[in-house]
Amino acid sequence: MRGSPPASLLAAKRAPSVDLRRMRAVGYTRAPREDRAQQVPAAVAEKLGVILPSAGLDVQRAAITDACRQRGWELGDVFDDALGPDAGGRPNGYAQAMHELEQGRADVLIAAKLDTVCPWSELPDLLDRAERQGWGLLALDLTLDTLTADGRAALRSLGAQARALPPSALPMPPAELMFRVVGSDSPGRFEVGGRLELEQLDRLLRAHGRGLADYGDILDFGCGPGRFLRQLRTMAPQARLCGVDQDEEAIAWVRRELPFADTAVAGPLPPLALPAGSFDLIIVFSVFTHLDEEYQDAWLAELRRLTRPGGTVVATVHGMFKWEVIRNGPMAGEPDLERMATRLARRGFLHWRGDDWGTFFPDYYHTSFHRRDYIREHWARWFDVVDVVEQQPNQPGHHALLSGHDIVLLNARDQERGRAALAARRARLRLPALARQIRERLASRRR
Ligand SMILES: C[S@@+](CC[C@H](N)C(=O)[O-])C[C@H]1O[C@@H](n2cnc3c(N)ncnc32)[C@H](O)[C@@H]1O
């Protein structure tokens with residue numbers, strides 16, 4: 001979202017009169033609903049570079065001001081809805097912001113959180129309106145650059161998918177349990193975001209032959225409070241579902257509220273008390289994003305043990321897209337940043353302990369980054385690396401995840417067949433050597 005102002009945003013209608021170097025923004029903030037009492041310490045959220053939906057108007061306003069300053073934009077009014085959009089029967093903040101945009105007095109509507117502006121399902125309508133009137137929408141909590149045509153198309157498509165979703169009848173976890181897994185205490189991010197991300201994984205799996213609906217035994221490793229388990233119930237109704245996490249509180253919640261899934265509490269390191277080959281699909285969403293190499297290797301070996309020959313593991317990691325986001329965000333003040341960047345470029349792997357995840361998780365749990373070549377080489381010790389999908393989140397149709405993670409698809413090679421193939425290859429390699437020995441012996445006899 002950095003760099004030159006997006007020309008694509010400026011509809012022909014107003015393009016000639018707008019100074020491209022100086023976009024004019026209006027801000028919009030909305031007070032959190034009363035039931036969203038702040039449960040996550042604001043200082044921790046700030047250190048993690050997260051703006052919470054439970055954040056008050058002042059925090060949202062500061063983020064908006066800061067974003068405009070960084071971009072060199074002119075910030076006009078920031079309109080507040082302290083009591084919710086329709087309170088009081090007078091023109092409210094939202095209507096006022098819309099009026100400014102409609103009148104051409106601003107080019108961009110900027111908000112700290114997307115869900116202060118509108119629910120996901122209403123996004124296509126809002127984007128239509130913006131396009132008709134020639135202004136852009138910027139929500140600071142999105143990885144998408146919605147000021148480009150591609151970014152807007154990607155957001156529109158997510159909004160359309162959200163609109164088509166059936167409402168969930170399942171209970172929502174407490175705000176802090178949601179925050180631990182998605183860095184947001186927004187029910188929309190947890191429920192709709194979880195569904196959209198799982199649909200992306202499903203699309204990728206299907207592109208490689210078998211979708212979620214084709215697996216019999218699915219493990220969600222690092223399931224937290226069941227963000228995916230609740231969706232798998234309908235997306236993979238045929239499967240036996242199992243969720244494992246080291247977070248005892250999250251597992252207790254899943255056990256109570258999502259009893260259709262089996263559960264187990266994991267230790268920091270393997271093994272799990274589960275028989276070898278228990279699963280034909282293992283989902284590992286945003287777990288390797290937090291482990292150092294020792295823990296990563298130990299869990300890769302354990303996941304290999306638990307996957308049936310021919311089975312699949314789909315995992316996510318922080319690739320180069322997320323590296324850029326985090327290094328320019330929460331990591332920006334890190335004195336050692338350059339050295340870390342070099343290390344990541346050379347080794348292909350980096351574990352950064354300077355975040356604040358230790359507030360909620362054990363000491364080993366921090367932030368890791370992976371390069372594609374590292375995964376292809378290092379993870380091949382345990383699995384066939386079938387695909388590593390790097391994020392290009394502004395590309396519609398690409399397997400973009402809201403989280404901005406790269407997706408890794410692994411296949412548990414059949415070890416028996418693998419051994420037979422290796423033996424055959426060795427034999428093939430040995431044959432020419434044998435032939436050479438025979439030729440040499442014959443030649444020496446002739447002499
Ligand atoms: C970022 S959260 C993602 C949760 C979930 N996969 C999702 O996407 O909603 C990472 C999860 O990994 C879990 N985790 C970390 N270390 C673990 C371990 N050794 N065994 C099992 N789960 C672990 C954490 O407790 C946390 O719930």
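Visitor: Which residues of helix H3 (residues 93-102) are buried?

Guide: A word of caution comes before the reply: this is a predicted model. In helix H3, the buried residues are Gly93, Tyr94, Ala97, Met98 and Leu101.

Visitor: Why do the buried residues of H3 line one face of the helix?

Guide: Seen down the axis of H3, the buried residues fall within an arc of 135 degrees, so one face of the helix is lined by them. These buried residues pack against strands E1, E2 and E3, and also against helix H5 (123-133). Just after H3 comes Gly104, whose phi is positive, at about 75 degrees.

Visitor: How should I read the sheet to which E1, E2 and E3 belong, and in what order do its strands lie?

Guide: The general idea is that strands of a sheet pair through backbone hydrogen bonds, either parallel or antiparallel. Here four strands form an open sheet, in the order E2-E1-E3-E4, and their pairing is parallel. Strand E2 (74-81) and strand E4 (136-139) are the edge strands, each of them pairing on one side only. On average, neighbouring strands of this sheet are turned by 25 degrees against each other, direction ignored.

Visitor: Which helix packs on this sheet, and which strands does the helix touch?

Guide: Helix H2 (residues 57-71) packs on the sheet and touches E1, E2 and E3. The direction of H2 makes about 160 degrees with that of E1.

Visitor: How many bridges join strand E1 (residues 24-30) and strand E3 (residues 108-111)?

Guide: Four bridges join E1 and E3, in the parallel sense.

Visitor: Is strand E13 mostly covered or mostly uncovered?

Guide: Strand E13 is mostly covered, with five of its six residues buried. For the protein as a whole, buried residues make up 41% of the 447 residues.

Visitor: How is the packing of two helices described, taking H5 and helix H6 (residues 149-164) as the case?

Guide: Two packed helices are described by the angle between their axes and the distance between the axes. For H5 and H6, the angle is about 145 degrees, and the axes are 8 Å apart. On the side of H5, the contact is made by Leu123, Pro124 and Leu127. On the side of H6, Arg152, Leu155, Arg156, Gly159, Ala160 and Arg163 take part. By class, this contact has five nonpolar, one polar and three charged residues.

Visitor: Why does Cys242 count as buried?

Guide: Cys242 counts as buried because 20 or more other C-beta atoms within 10 Å make a residue buried, and Cys242 has 22 C-beta neighbours inside 10 Å. Cys242 lies in strand E6 (residues 240-245). Leaving aside neighbours within four places in sequence, Cys242 is in contact with Leu219, Ala261 and Asp262. The C-alpha atoms of Cys242 and Asp217 are separated by 7.9 Å, although these residues are 25 apart along the chain.

Visitor: What is the backbone feature of Ser286, and where does this residue lie?

Guide: Ser286 has a phi near 60 degrees, a positive value in a residue other than glycine. Ser286 lies in the loop between strand E8 and helix H11 (293-306). With 20 C-beta neighbours inside 10 Å, Ser286 counts as buried.

Visitor: Which residues are joined by a cis peptide bond?

Guide: Pro270 and Pro271 are joined by a cis peptide bond, with omega about 5 degrees. Pro271 is placed in the loop between strand E7 (262-265) and strand E8 (279-284).

Visitor: How many residues surround the ligand, and which are the closest?

Guide: There are 17 residues around the ligand, and the closest are Val181, Gly222, Gly224, Arg227 and Ala266. By class, this shell has nine nonpolar, five polar and three charged residues.

Definitions and conventions:
Residues numbered from 1 in each chain as written. Predicted model: local features only at pLDDT ≥ 70, side-chain atom pairs only at ≥ 80, totals over all residues. Near = placed C-beta within 6 Å. Nonpolar A, V, L, I, M, F, W, Y, C, P; charged D, E, K, R; others polar. Pairing = 2+ DSSP bridges. Axes fitted to C-alpha atoms, helices over the stretch in contact; angles between N-to-C directions. Contact = placed C-beta atoms within 7 Å. Buried ≥ 20, exposed ≤ 12 C-beta atoms within 10 Å, placed from the backbone. Arc of directions from axis to C-beta.
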